[in-house]
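Hi everyone, thanks for coming.

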Amino acid sequence: MSKTLSNQMVEWNKVNWRKLERIVFKLQKRIYQASLRGDSKAVRKLQKTLMTSWSAKMLAVRKVTQDNKGKSTAGVDGVKSLNPKQRIELVTTMNLNQKVKPTRRVWIPKPGKAEKRPLGIPTMHDRATQALVKLALEPEWEAKFEENSYGFRPGRSTQDAMQMIFNCINQVHKYVLDADISKCFDKINHEKLLNKINTFPKLRRTLKAWLKSGVLDNGYYSETFAGTPQGGVISPLLANIALHGLEGIVDEFIRGIKYRKLNSMQCVRYADDFVILTNNKANLEIVQQKVSDWLAEMGLELNTSKTRITHTDDGFDFLGFNFKHYNVGKYKSGKNGNGKLLGFKTFIKPSRESIQEHYKHLANQVDRHKASPQAVLINVLNPIIKGWVNYYSTAVSAEVFKDLDDLLFKKLSRWAKRRHPKKSWNWVQNKYWHTVGGNNWVFSDKVDEKTVSLYDHQNKKIVRHVKVKGTATPFDGNLKYWSIRKGSNPLVPTRVATLLKAQKGKCKHCGLYFREDDITEVDHIIPRSKKGKDTYTNLQLLHRHCHDTKTANDLLTDWDFIEWQ
């Protein structure tokens, strides 16, 4: 081993991650800027520099071994996790030329449906290498991606897509092509995709090897002739590249017709789901055919059973939301830009299907915990409720939240009464519902002198989401903007948002700005094991990897104290 390499074999938790992140981000920013000005030669040169960089390899390994939520799922190599020494060894062995192993296929149920969808889990080495390649490819394509593409992109979310649609239909009636691409991840043409990426030969060979790696399903191997395996680190980026240009089809059509201002058309895409909005139905039918022909070139097709043309007066569902114009009296109606009364209002609500799936999920959990202690049931239900209300807190959801609380109250009443069939309702009520904070009907229990309460849907305030600026991206260098956006994101819990504001958007451990796609964790400055309080004065927000390092240091301090004693 060379002297330089041996010097790099430092202890994992003593690495200067702040320095590494700065080095990599500077390279990514330069790649983004070169791509923005169309300098492909500079892009390729910088990408090669980044992918051979020790700093980038370290960040890639940290991403797949510490930050990713699915880091404990093993591929065909059987490796679920790595200790710090093994992570360093993985960094030193990472190589684009290394032979690619098949992905392990895992079947997971679709939300609210009986059918399952496949996930392809690469080996740990392939995951780390894909994360490295993504560090180099993503800034190049962020400079190219269309403005109204929101899925699987850093700093963009379903709420941004929702707000864009609202902006399109808020003051005018529109026809809507509500489209869905059939099995998008499974059918993408490999050669067409590789030609579209148009990168240097070594990286092209690596990408092709991943696409052609094959699948091992319950011990049976099968080749992959099309598609990008869902579950791979780089798969969402490859799918976005494959679908890049869809908005251009719409723009090209509009430029080619007369009265383009009167026949404006917008395309909003989130991954493989998209809508096209216009005030001319005939034009929409023509564009639908053009889109079908364009998708066919990539080996894709529209799902005819899920694709339809509708109108905003009838409403349509997209990403779990329902968009619809509601007729109102002239005194309740808004006005358009010319001051004319509209006669309608645009409301975005949770879709009926999503509401039903959510309540069914809650009811199933209540049924599964018929014999469990009340506190256990509360701890099971709370994360489900909080996640759902956070997602829909930017829509017109107050009435839906109230209805769900009423339904859940009835379900819990039956759950409680069933446990004590010989007791009166007043007795059951006094046992399971208590007064907390002025509310007399809180489903709560006491555990170790602490009150555990069920989170009501209505507790979540409705907030309006501010759409991301045009073509803004985290690679443009405006880190303060992205840090502020993270704090105002409705999906971010209140405690995290409060700490973000108090820390001015920076991690207390490494001092770097939190980026929109960073995984954060709340840490107790004085650990709870040392009687640290659960108050804001004892809390700080850290990156997940920074939290791991801080916890490891706390444990070392404890052991030093014990040995000294």
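Let's begin with Arg37 and Asp39, whose side chains meet in a salt bridge, 3.8 Å from N to O. Keep in mind that this is a predicted model. Arg37 is exposed, at 57% relative accessible area, while Asp39 is partly exposed, at 28%.

The count of salt bridges comes to twelve, and here is another one: Glu140 with Arg44, at 3.3 Å from N to O. This pair links distant parts of the chain, with Glu140 in helix H6 (residues 124-142) and Arg44 in helix H3 (residues 40-51), 96 residues apart. Are these two buried or exposed? Glu140 is buried, with a relative accessible area of 2%, and Arg44 is buried too, at 15%.

Glu140 also forms a salt bridge with Lys144, where the closest N and O atoms are 3.1 Å apart. Through shared partners, Arg44, Glu140 and Lys144 are joined into one network. Lys144 itself is partly exposed, at 36% relative accessibility.

Now, the cysteines. How many disulfides are there? The count is zero. For Cys507, the nearest cysteine sulfur belongs to Cys510, 3.8 Å away. Cys546 has its closest cysteine sulfur in Cys507, at 3.9 Å, so that distance is too far for a bond. Cys507 is buried at 3% relative accessible area, and Cys546 is buried at 4%.

Last stop, the surface: Arg18, Arg22, Lys26, Lys480, Lys504 and Lys506 gather there in a patch of positive charge. Helix H2 (residues 17-36) gives the largest share, three residues. Arg18 is found in helix H2, and Arg18 is partly exposed at 32% relative accessibility.

Thanks, and I'm happy to take questions!

Note on methods: Residues numbered from 1 in each chain as written. Predicted model: local features only at pLDDT ≥ 70, side-chain atom pairs only at ≥ 80, totals over all residues. Heavy atoms only, no water. Patch = residues over 30% accessible without salt bridge, like charges linked within 9 Å, V, L, I, M, F, W, Y side chains within 5 Å. Areas by Shrake-Rupley, 256 points an atom, 1.4 Å probe, with all protein chains shown as cover. Salt bridge = Lys/Arg side-chain N within 4 Å of Asp/Glu carboxyl O. Lys, Arg positive; Asp, Glu negative; His and termini not counted. Charge placed at Lys NZ, Arg CZ, Asp CG, Glu CD. Helix = DSSP H or I, 4+ residues; strand = E, 2+ residues; numbered from the N terminus. Buried < 20%, exposed > 50% of the residue type's maximum accessible area, 1.4 Å probe, protein only. Disulfide = S-S within 2.5 Å.
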